[in-house]
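Subject: Handover of a structure and its findings

Dear colleague,

Please find the structure for your records below.

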Amino acid sequence: MKTIVLIEHDTTEHDSLAHLIQQSDQEVKLVTVSEGGNAAHILSRQKVDLFIYDLTVPGNNNLEGFSRLTHDFPYIPCLALTDQQQGTGKKAVERGAGYCLEKPVNSEKFLHHVKELLDIGTRGTVKDI
C-alpha cells in the first residue's frame with residue numbers, strides 16, 4: 001500500500017482531491033494535513049511515497065515552506081498545485097516538484113501524474129558503493 005500526504009487548506013478542494021485519489025487504481029493510504037509544518041512531522045516519522053502540496057493558501061509564502069519540505073525530503077516525490085495568478089508553477093518545479101498543476105486540476109492529468117510519481121517512488125538507484 002502506498003502512502004500519500006495531501007497538504008491542502010481548503011476542505012472542498014481536499015475532498016475532491018481525496019475522492020480522485022481514491023478512485024485511482026492504486027491502493028493508497030491518504031494522510032491529510034492543512035499546513036507544511038505538520039507535513040514535515042509526518043514525512044519524518046513514517047514512510048511516505050508521495051506528497052501533494054497546495055501552494056494557493058492566501059496571505060502565505062507557501063513556496064518557502066514547500067522548498068523546505070523538498071529540501072529536507074528530496075527522496076519523496078512531490079506534486080505541487082497552484083493557480084495561474086500566482087505564477088509559481090515553474091518555481092515549484094525548480095525547487096523539487098515532479099510536476100506542478102494549475103487549479104482547478106484536470107482529473108485525468110492529476111491521476112496520471114500521481115500514478116507516475118508513485119511509480120518513481122518505488123524505483124531507486126544506489127550510487128557510490
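In which helix does Ile120 lie? Ile120 belongs to helix α5, residues 107-122, where helices are DSSP runs of H or I of at least four residues, strands are runs of E of at least two, and both are numbered from the N terminus.

The model is predicted, so local features need pLDDT of at least 70 and side-chain atom pairs count only at pLDDT 80 or more, while totals for chains, interfaces and linings use all residues. Residues are numbered from 1 along each chain as its sequence is written, and side-chain values use heavy atoms, with hydrogens and water left out.

Ile120 has a relative accessibility of 36% and therefore counts as partly exposed (buried is under 20% relative accessible area, exposed over 50%, partly exposed in between, with a 1.4 Å probe and protein chains only). Its C-alpha atom is separated by 9.0 Å from that of Asp49, 71 residues apart along the chain.

The sheet

Five strands in the order β2-β1-β3-β4-β5 make up an open sheet with parallel pairing; two strands pair if DSSP finds at least two bridges between them. Because β2 (28-33) and β5 (99-102) each have a single partner strand, they stand at the edges, and one side of each is left without a neighbour in the sheet. Strands β3 (residues 50-54) and β4 (residues 78-82) are joined by four bridges, and Phe51 has Cys78 in β4 as its bridge partner. Helix α3 (residues 62-72) packs on the sheet, where it touches β1 (2-7), β3 and β4, and its direction makes about 170° with that of β3. Contact here means heavy atoms within 4.5 Å; axes are lines fitted to C-alpha atoms, for helices over the stretch in contact, with angles from 0 to 180 degrees between N-to-C directions.

The cores

A nonpolar core is a set of buried Ala, Val, Leu, Ile, Met, Phe, Trp, Tyr and Cys residues joined through side-chain atoms within 4.5 Å. The largest has 20 residues, and Phe51 and Phe66 are among those with the most contacts inside it. Apart from it lies another core of 14 residues, including Leu17 and Leu117.

An aromatic pair

The rings of Tyr53 and Phe66 have centres 5.5 Å apart and planes at 70°, so this pair is edge-to-face (centres within 6.5 Å; planes under 30 degrees apart are stacked, over 60 edge-to-face, the rest tilted). Both residues are buried.

With kind regards

Key:
Phe/Tyr/Trp six-rings, centres within 6.5 Å; stacked < 30°, edge-to-face > 60°.
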